[in-house]
Amino acid sequence: MNNPRLAQRYAKSLIDISGEMNQMDEVRADVQVLQHIIKSSREFVVMLNSPIIKSDKKFKILSAITEGRISTITKKFLELLCSKNREDNLPGIVNSFLQQYNKIK
């Protein structure tokens with residue numbers, strides 16, 4: 001689902017926490033990995049949007065795909081998204097994060 005305001009808020013939260021922990025560049029790299037996955041796999045986006053697949057299962061899939069490729073902060077953020085049933089907003093959050101990052105840098 002496309003919800004730009006929600007995407008901006010979640011992206012801002014990720015920017016804030018990564019900035020506080022001095023890991024903004026590392027999280028940006030993680031977000032770029034996620035962006036690449038989203039752009040290269042239509043099935044991945046369909047899975048995120050599927051009401052049939054439960055959120056905990058989606059998190060397990062996300063974890064398996066990103067294992068060893070993303071930092072702990074980003075993994076915890078993905079876990080939060082899934083626990084709040086917001087994983088379908090991940091593409092918008094990724095784009096919003098990169099826009100906000102570019103403004104800051």
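Is Phe77 buried or exposed? In this predicted model, Phe77 is buried, since its relative accessible area is 9% and buried means under 20%. I will start from that residue and work outwards.

The ring centres are 6.2 Å apart and the planes stand at 70 degrees, which makes the pair edge-to-face. Tyr10 is buried as well, with a relative accessible area of 16%.

Now the two helices themselves. Two packed helices are described by the distance between their axes and the angle between them. Here H1 covers residues 4-20 and H5 covers residues 72-83; their axes come within 11 Å and cross at roughly 150 degrees. H1 and H5 are therefore roughly antiparallel to each other, because angles over 145 degrees count as such. The crossing of H1 past H5 is right-handed.

Which residues meet there? From H1 they are Tyr10, Leu14 and Ile17, and from H5 they are Ile73, Phe77, Leu80 and Leu81. Sorted by class, that contact has seven nonpolar residues, no polar ones and no charged ones.

Back to the rings. The count of aromatic pairs comes to two. Besides Tyr10 with Phe77, there is Phe97 with Tyr101, which is stacked, at 6.4 Å centre to centre with 15 degrees between the planes. Phe97 and Tyr101 both belong to helix H6, residues 90-104, and lie four residues apart, about one turn of the helix. Both of these residues are buried.

Terms used. Residues numbered from 1 in each chain as written. Predicted model: local features only at pLDDT ≥ 70, side-chain atom pairs only at ≥ 80, totals over all residues. Heavy atoms only, no water. Axes fitted to C-alpha atoms, helices over the stretch in contact; angles between N-to-C directions. Helix = DSSP H or I, 4+ residues; strand = E, 2+ residues; numbered from the N terminus. Parallel < 35°, antiparallel > 145°, perpendicular 65-115°, else oblique. Left-handed = near helix turned anticlockwise from the far one by under 90°. Contact = heavy atoms within 4.5 Å. Nonpolar A, V, L, I, M, F, W, Y, C, P; charged D, E, K, R; others polar. Phe/Tyr/Trp six-rings, centres within 6.5 Å; stacked < 30°, edge-to-face > 60°. Buried < 20%, exposed > 50% of the residue type's maximum accessible area, 1.4 Å probe, protein only.
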